[in-house]
Amino acid sequence: MADLDQRPQLAPNIQLAGEMEGSGFVDQQWLIQRDSRYIQLTELLYRVAEQANGERTLDEIAERVTEATDSIVTADHVRFLVQTRLAPLGLIATRDGSVVSQGAARRQSPLQVNLRVMTVGPRVVDPITQVLQVLYAPPILITMLTAIAIAHGWLYFLHGVGSSVNNILKFPAMIPVLITLMIVSGVFHELGHASALRYGGARARGMGAGLYLIYPVMYTDTTDSYRLGRWARVRTDLGGFYFHLIFALGIMALYFVTGQEFLLVVPVLINLDILYQCLVFVRFDGYWALADLTGIPDFFSQMTAFVRSVQPIRRFKGGKLPRLKPWVKAVFATYIVVTIPVLAFVFSLVLRNLPSVVAAAWDSIVLLSRDFSYARSNGDPTGMAAAIAQIILLALPVLASAYLLYILGRTPIQAFWKWSKVTPVRRVTGMLGAAAALALVAFLWAPKLPFAAGTAPAPTGVESFEIAGRTHVQTPVSYPQSPPVGGN
């Protein structure tokens, strides 16, 4: 412990969060909060951190940890745990009060909300959720769910939705109103997560917007739900659905007042969005609900550690997950076996269709640029604004697709390059592998490039573990292109 004090103390940004309730691990796990993130620890590590107050010696810490656990701990044990486990995680301060460096900045994952911008902080969210949490009181919850079931039964089995869809097709001027209502419903959906979290005893850290996969989304930071019990976490996961259905109920009530047929399209779109959100292959609401039901904090952030814990390859170094309950292990393994091929298929679709999407978007942007010029020459600001808005909507998914391919390919390319630098043989192998990858991309893209057929391609449908912060996302607007399978 050359750079660590003989009286270790926690770093100033650390909070002890206590037991991890409702986990899928055989042995009880514990949580420590570092800044805005949580770290999962064994009880032994947690107890050592609990006693590290800067005043107790290693012998005193060992004595107290021995009393609090079933383990016999010595000063040497404490020294080892502090130096090799707690300090590298940034949980223990050095002699001068600083914190051991965490190394390189955390890489952004394509399966989390990237380019996020927090637009509403706790000061705004807390007063709203303080009021809305009453909707989770059992009498009100049961009443609302009963009314929602009756209203949807009337919509689908008595009234029907065909006339509402035809009404939209006959009066497309109502589409902007429809889009606005869906955006508002998305905000209300996010308030459902935040209100459920508040009802359970925790608070949302804010709401904002960002990029998830290739779509702009709204999100709610519900990381504090890790401190709650299993069913409180599940309630938080499903709270967005509940509020979405309440919004749909309000829209149906508005229909009875106004008689506007197009309004009934909103509940249908909300129901479709709920089904979409139930996908468990990416971090949508269904994913978090499945994770919390099994007691795994986050499948993706602990997937590599799980694989290490079940395979015998010694060279596959790194941390392993603590023992999982048998049924949880089966669910986790099944999830990996199903999810990895699905995500690989989605990636291949994005990669293969990118030239077609770019070409189709470019053709449309050229035509919209002409519309903009025509509107400007005629002094039509509305037409100019509409053209610009459509150009942005067309460009955004193209740029997002390119960004998705970049962040998906960056890590394996860098790892492969580092591996190939060890020996000349590996270098040659790496060069051949890179050439093969480029040849494959060329093979996939060549038929879709403009010069391949002489014309532009036709448009197509378009130990210790740090737990990832959790956000519930909501896609506010669907683009004209078809969204990828599996893709808060």
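His189 is a residue of helix H7, which spans residues 175–200. In this predicted model, His189 is buried, with a relative accessible area of 0%. A polar atom of the His189 side chain lies 3.2 Å from the backbone oxygen of Gly240. That separation falls within the 3.5 Å cut-off for a polar contact between N or O atoms.

The loop in question runs between helix H8 (230–258) and helix H9 (265–277). Leu263 counts as buried because its relative accessibility is 4%, and the limit for that class is under 20%. The C-alpha atom of Leu263 is separated by 9.2 Å from the C-alpha atom of Ile168, although the two residues are 95 residues apart along the chain.

Over the whole structure, the search returns 20 aromatic pairs. Among them is the pair of Tyr242 and Phe243, which is edge-to-face, with 5.8 Å centre to centre and 70 degrees between the planes. Both partners, Tyr242 and Phe243, are buried. The pair of Phe306 and Phe332 is stacked instead, at 4.3 Å centre to centre and 15 degrees between the planes. Phe306 belongs to helix H11 (residues 303–310) and Phe332 to helix H12 (residues 326–377), so this pair ties together parts that are 26 residues apart in sequence. Phe306 and Phe332 are both buried. They also belong to one aromatic cluster, together with Tyr287, Trp288, Phe299, Phe300 and Tyr335.

The two pairs are set out below.

| Aromatic pair | Geometry | Centre to centre | Angle between planes |
|---|---|---|---|
| Tyr242 and Phe243 | edge-to-face | 5.8 Å | 70 degrees |
| Phe306 and Phe332 | stacked | 4.3 Å | 15 degrees |

Turning to the strands, E2 (residues 29–34) and E3 pair in the antiparallel sense, with six bridges between them. Strand E3 covers residues 37–42, and five of its six residues are buried, so E3 is largely enclosed by the rest of the structure. Arg34 stands opposite Arg37 in E3. The hairpin formed by E2 and E3 has two residues between the strands, and Asp35 takes a positive phi near 55 degrees there.

By class, the lining of the second largest pocket has 15 nonpolar, four polar and one charged residues.

The residues that line the largest cavity are Met20, Tyr226, Arg233, Asp292, Gly295, Ile296 and Pro297. By class, they divide into four nonpolar, one polar and two charged residues. Gly is assigned to the polar class in this scheme, while Asp and Arg count as charged.

How values were computed: Residues numbered from 1 in each chain as written. Predicted model: local features only at pLDDT ≥ 70, side-chain atom pairs only at ≥ 80, totals over all residues. Heavy atoms only, no water. Phe/Tyr/Trp six-rings, centres within 6.5 Å; stacked < 30°, edge-to-face > 60°. Buried < 20%, exposed > 50% of the residue type's maximum accessible area, 1.4 Å probe, protein only. Helix = DSSP H or I, 4+ residues; strand = E, 2+ residues; numbered from the N terminus. Polar contact = N/O pair within 3.5 Å; in protein donor to acceptor, adjacent residues only side chain to side chain. Pairing = 2+ DSSP bridges. 1 Å grid on protein atoms, 1.4 Å probe; cavity = no way out; pocket = protein on both sides within 12 Å on 5 of 7 lines; lining within 4 Å.
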